Amino acid sequence: MADSLNIYKRINEVRKNTDFIKKLKDVDGQYKVVTHDQVTDELRDDLVKHGIVVEPFLVSERTVSDTLLFMGFKKNPVIRVECVYDVIYVNIDDPKDRAISRILVHALDAGDKAPGKALSYAVKASMLKMFTVVTGEKEEDRTEKDADGSGITAQDALEWEQKISKLSGDDVATINDVAQ
């Protein structure tokens with residue numbers, strides 16, 4: 001069965017199994033992020049099951065050393081790398097069948113890790129977008145709020161739609177009237 005699926009159908013099969021990854025890694029006590037390893041761990045089994053290989057390809061790179069910004073114990077100058085990657089999703093049964101996601105990323109490091117950080121970020125960001133994975137700190141946030149964080153639940157929207165559909169053409173109502 002999997003042999004007959006093109007790359008977009010395979011991607012859709014992966015999308016069916018993962019729609020949310022909780023932000024777990026704390027960054028300086030200020031905010032949380034989803035890591036490359038979390039995304040890879042969550043999607044890997046489905047990528048293997050549906051025969052998708054992820055190939056990052058470096059399109060361009062620019063490295064800048066900032067002598068005014070320092071990091072770490074030794075106060076090494078920060079190195080900023082800016083990269084463009086094509087993250088390619090390959091159908092293993094037909095390697096010419098591909099989907100490509102182009103992404104611009106940058107990374108900072110005071111040592112030799114900036115290129116690796118940029119690569120990891122490119123793959124993570126591309127996979128989150130390609131497989132339409134939502135991230136957040138609380139899983140219930142995605143069911144209790146809409147995308148802009150307004151707090152409108154799917155149930156609220158359905159009830160509003162039903163109330164609006166009952167209004168005649170002569171009725172005038174605001175969203176506040178319908179919400180009550």
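**Salt bridges, strands and a buried pair**

Modeller: Let's begin with a salt bridge: Asp86 pairs with Arg102, and their closest N and O atoms are 2.6 Å apart. Keep in mind that this is a predicted model.

Colleague: Where do Asp86 and Arg102 lie?
Modeller: Asp86 is in strand 5 and Arg102 is in strand 6, so the pair ties together parts 16 residues apart in sequence.

Colleague: Is Asp86 buried or exposed?
Modeller: Buried, because its relative accessible area is 11% and the cut-off for buried is under 20%. Arg102 is exposed, at 57%.

Colleague: How do strand 5 and strand 6 pair?
Modeller: In the antiparallel sense, over 12 bridges. Strand 5 covers residues 76–91 and strand 6 covers residues 98–109. A hairpin of six residues joins strand 5 to strand 6.

Colleague: Which residue stands opposite Val90?
Modeller: Arg98, in strand 6.

Colleague: Which residue forms a salt bridge with Arg98?
Modeller: Glu55 does, with the closest N and O atoms 3.7 Å apart. This pair links distant parts of the chain: Glu55 sits in strand 4 (residues 52–71), Arg98 sits in strand 6, and they are 43 residues apart.

Colleague: And how accessible is Glu55?
Modeller: Glu55 is partly exposed, at 33% relative accessibility. Arg98 is partly exposed too, with a relative accessible area of 36%.

Colleague: How many salt bridges does the count come to?
Modeller: Eight.

Colleague: Why do such side chains pair at all?
Modeller: Side chains of opposite charge can pair when their charged atoms come close.

Colleague: Which residue forms a salt bridge with Glu82?
Modeller: Arg62, with the closest N and O atoms 3.1 Å apart. Glu82 is in strand 5 and Arg62 in strand 4, so to speak distant parts of the chain, 20 residues apart.

Colleague: What is the relative accessible area of Glu82?
Modeller: Glu82 has 22%, and counts as partly exposed. Arg62 is partly exposed as well, at 48%.

Colleague: Which residues are joined into one network?
Modeller: Arg62, Arg80 and Glu82, through salt bridges that share partners.

Colleague: New topic. How many aromatic pairs are there?
Modeller: One. The rings of Tyr89 and Phe131 have their centres 5.6 Å apart. Their planes are at 85 degrees, so the pair is edge-to-face.

Colleague: Where do Tyr89 and Phe131 lie?
Modeller: Tyr89 is in strand 5. Phe131 is in the loop between helix 3 (114–130) and strand 7 (134–136). The pair therefore ties together parts 42 residues apart in sequence.

Colleague: Is Tyr89 buried or exposed?
Modeller: Tyr89 is buried, at 0% relative accessibility. Phe131 is buried as well, at 0%.

Colleague: What does Val14 touch?
Modeller: Leaving out residues up to four places away in sequence, Val14 touches Leu43, Asp46, Leu47, His50, Ile52 and Phe131.

Colleague: Where is Val14?
Modeller: In helix 1, which runs over residues 7–17. Val14 is buried, with a relative accessible area of 0%.

Colleague: How far apart are Val14 and Phe131?
Modeller: In sequence, 117 residues. In space, 6.9 Å from C-alpha to C-alpha.

Colleague: Thanks. Where should I look again?
Modeller: Go back to Phe131. Its ring pairs with that of Tyr89, and Phe131 also touches Val14.

Methods. Residues numbered from 1 in each chain as written. Predicted model: local features only at pLDDT ≥ 70, side-chain atom pairs only at ≥ 80, totals over all residues. Heavy atoms only, no water. Helix = DSSP H or I, 4+ residues; strand = E, 2+ residues; numbered from the N terminus. Buried < 20%, exposed > 50% of the residue type's maximum accessible area, 1.4 Å probe, protein only. Contact = heavy atoms within 4.5 Å. Pairing = 2+ DSSP bridges. Salt bridge = Lys/Arg side-chain N within 4 Å of Asp/Glu carboxyl O. Phe/Tyr/Trp six-rings, centres within 6.5 Å; stacked < 30°, edge-to-face > 60°.
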